[in-house]
Structures are given as structure tokens and as C-alpha cells.
There are 2 protein chains.
Amino acid sequence: MDSAELLDLLGNANRRRILQLLAHKPCYVTEISEYLSVSPKAVIDHLEKLERAGLVESRVDDQRRKYFHIARNLRLEVNVSPYEFGTKSAYPASAVDVTTCRYVSIETDVTDDSGGGEATDLAVQLNRLQDLETELSMAQRWVHGRLTEVMEELTEQFEGEDSRLLGDVLSTLAAGSGTVEDLSRRVEAPPEVVGEALQRLAEEGVIVRDGQEWRLPE
Amino acid sequence: MDSAELLDLLGNANRRRILQLLAHKPCYVTEISEYLSVSPKAVIDHLEKLERAGLVESRVDDQRRKYFHIARNLRLEVNVSPYEFGTKSAYPASAVDVTTCRYVSIETDVTDDSGGGEATDLAVQLNRLQDLETELSMAQRWVHGRLTEVMEELTEQFEGEDSRLLGDVLSTLAAGSGTVEDLSRRVEAPPEVVGEALQRLAEEGVIVRDGQEWRLPE
């Protein structure tokens, strides 16, 4: 999928809301339609467009209900300035092997002292900045790919329907401990649901309770 | 401007083509209309939307002709995966002072050996990857801001209408020497025009000629 196709798809607010919903969990048409207050017909139209582009796929469950989920892993970058309008879409870069190095080191000293006068110096600087931009972009693609892999592994740690939620709650806790109310806000799920998830994570020995606060073990 | 507004604007192919054109040089309505084979009325509609969002501005020249140019400097990032649909738009970060350090060093070793078992480890990894993503994004914003500044300085080195073209040709040469034909392709301008620009850059002592090839001085 190229950037133009992706921008055409993302240029619609309801399609963006559908993707937002599917990023939380796989959904069926009626569910999406009710949650977004959009007619089922319109939801089906949007899903068809997203499916044709390969961004979304569906799977039929035991009750013969058709669930839609996001099927792609990609990044889009747009740069706008008086001198540039650049769009770039890319799949995660597993080819960039930054796993073997402990740091991504990127040279930011782009000044130069070649003999060609100020204009030449500036042109050389410009060129180095463009290289730096490409390197950072590659690093981002790697991070994006790793994030998805780790999220997948994390979800697989738990069984049952709420495995996604347990993964979300746990990764939120990793960013900082909190009460049920804090976490409910951060995960964007009702306190009752988050409370149950915390209880289950504690039973499995994954997290610990500290008064009103929940946190990862030390 | 938030990501939603920007995605709405960029969701139209003709608006993207107008921005692409304006990134090369300021243009007036008739010029855009002829170049894109789009009616002047439609061009005016698109320009109005872009102006209202502050993405484009106009200036009237001595002949009272209204020239449009890109007025903003921003970046948009979209991440799509089965677990994420995230959009982020941002202005260049001049606040990130990476000019004082020679390298951007970003820790990529996100593995952990805390005592909380596999799920806890994965949650910690996830959190570190998210931090890494934020750091890379800040670095990219800085690069984007610097690129625009350097391009501005470079354009100011030359007087007259073709200062933008001279800047483009020069920065292209910095990426690698080439013949008039090579450069014409890389700059996306006719060979005659690029040939004249090269001649002028050589007269000003900014570049040198080497047989059929043009290059920066050593």
C-alpha cells in the first residue's frame, strides 16, 4: 500500500474511528455501528474499503459471527514545510538489526569545514540532515515492529477473551503504578473491568498490591 | 492543527498535488490549475481549505498577482498495527537541544531481568520501547526543523527568482556528483533549466565541473 492510498483511507473520520476501535479489540459490524452511532450500511462500506486495501481482515467465530481486526503493521510519515511536502509509508523494518547493538547512535554534528564557501557548506549540511532523517525513520520502523511483537507475546501470556485487556493493563502499569481509578483512565476502560483485570493479574503473581496502589513486583 | 484536521486535508489527492507543487515554489491559481488540469474554481476551493487550516498563505506581488506558499512546518506520524492506531502531529522541536551533543544515543537494549516472571518482563520491555519511540520522534522533529532552517539559509545565498532552484540543485549535488541529465532527473526540472543553474553556481565558485560531471569542490 502506498502513502496516497493510505492517506485516502485515513482522510475519513469514521474510518479512523473504526480503526481506533479495532486496535482495542476485534469487533463485528453491529458492535461498531452501535459504538460509533453510524448506520450498519455505512460501517460495512468503510470495512469493505479497508479490507480491499488489506488494512483490515475478518474471521468467523464459533457462533458464526464475523469479527474484523487490523491486519497490517505499517507506519506513515508526512513532512510539511515551505520547502517540502513528503509522504512516506513503510512496513516495520526487521532488516534493521539494532537488536545486536545497545545504542542507536546517530551523528547530529552536521557542520562542515570543506573549502567551498558558505553555500557549499550549507548544501553538505542539508545532505547530512537528510541522511539523519532516513536513519531515524529506519529506527522508528524497527521500534514499531518490536512493539507489535512484544504486545503479541504479552497477549499470549493470558488465556481467554480478556487477554488483550490484561496486556493493556499490564503495560500501563509498567509505565507507573496507580490506583484502579488512575489505571481505568489510562487504559480507557471502566473501573469495574480494570479492577477485575488487576485482581486476575495479582492472582497469577504478575503484579502486586500496595495499599490502594497496584504495581509491578520490584 | 491536530492530526484529525490534517488527515482530513491530506485525504484528497488534488490537495496533496497542490502542496507538492507549492513545496517547489510559490504559485498563483491559474498556474496550479493548468499544471494539475483542475478547474480554477476547484483549485480556489482547495486553497481556501488549506488557508483556513493555516497550512497555506498568500502574498501579492508587484504585478498584483496572488502567490500561494506553504506556511507551516509540521510532521505527522501514523502507526497502524493489530494493537495500535495512533496518529501524532507535531511542530518542529527546537526545544530538543541535540545541537550540543554530537550523537543522539538511544538505548535499544530493552530486555530486562526483574523478578516478576515473563509477563512482567514483557510489560517492562513494552514500556521501554514506547519511551524509545517518543525519543526518536523528538529527534525527528528536531531534524525536520533544522532541514527547513538550512534550506532557508541556502536559498538566501542567491538572489533573484531562481534562488529556490539553485538551492535544490546544490543540495542534490551534495548527495553525489552527476551530469546535467542525472541532476535534471533528481531535481525534477528540465535539463535546460538545470544546465543554466549549474552554470551560475559554477560562476559563483560554489561548484566545479569535471568533464561531463558537476560536483562540489573538494
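Residues are numbered from 1 along each chain as its sequence is written, and chains are lettered from A in the order in which they are written. Because the model is predicted, local features need pLDDT of at least 70 and side-chain atom pairs count only at pLDDT 80 or more, whereas totals for chains, interfaces and linings use all residues.

**View 1. Chain A and its secondary structure.** Chain A holds eight helices and seven strands; helices (H or I, at least four residues) and strands (E, at least two) are DSSP runs numbered from the N terminus. Of its 218 residues, 37% count as buried. Buried denotes 20 or more other C-beta atoms within 10 Å of a residue's own, exposed 12 or fewer, and partly exposed the range in between, with C-beta atoms placed from the backbone.

**View 2. The two-fold relation of the chains.** Chain B is superposed on chain A by a rotation of 180° with 0.0 Å of shift along the axis, at an RMSD of 0.1 Å. The two copies are thus related as by a two-fold rotation axis. Within chain B, the residue that comes closest to the axis is B:G11, its C-alpha lying at 1.9 Å.

**View 3. Strand pairing between the chains.** Strand β3 (residues 74-81) of chain A pairs with β3(B) in the antiparallel sense over seven bridges; pairing requires at least two DSSP bridges between two strands. Opposite A:R75 stands B:N79 of β3(B).

**View 4. The largest nonpolar core.** This core has 66 residues, and among those with the most contacts inside it are A:V169, A:L170, B:V169 and B:L170. A nonpolar core is a set of buried Ala, Val, Leu, Ile, Met, Phe, Trp, Tyr and Cys residues joined through C-beta atoms within 7 Å. Leaving aside neighbours within four places in sequence, B:L170 is in contact with A:A119, A:A123, B:L154, B:L201 and B:V206. A second, separate core of 38 residues includes A:L10, A:L22, A:V78 and B:L76.

**View 5. Helix α1 of chain A.** In α1 (residues 3-10), the buried residues are A:L6, A:L7, A:L9 and A:L10. Seen down the axis of α1(A), these residues fall within an arc of 160°, so they line one face of the helix. The arc is that of the directions from the helix axis to the C-beta atoms.

**View 6. The hairpin of β1(B) and β2(B).** Strand β1 (residues 56-60) of chain B runs antiparallel to β2(B), joined by five bridges. The bridge partner of B:V60 in β2(B) is B:K66. Five residues lie between the strands of the hairpin, in which B:R64 takes a positive phi near 60°.

Key. Two residues are in contact if their C-beta atoms, placed from the backbone, lie within 7 Å. Copies are superposed by least squares on the C-alpha atoms of residues with pLDDT of at least 70 in both.
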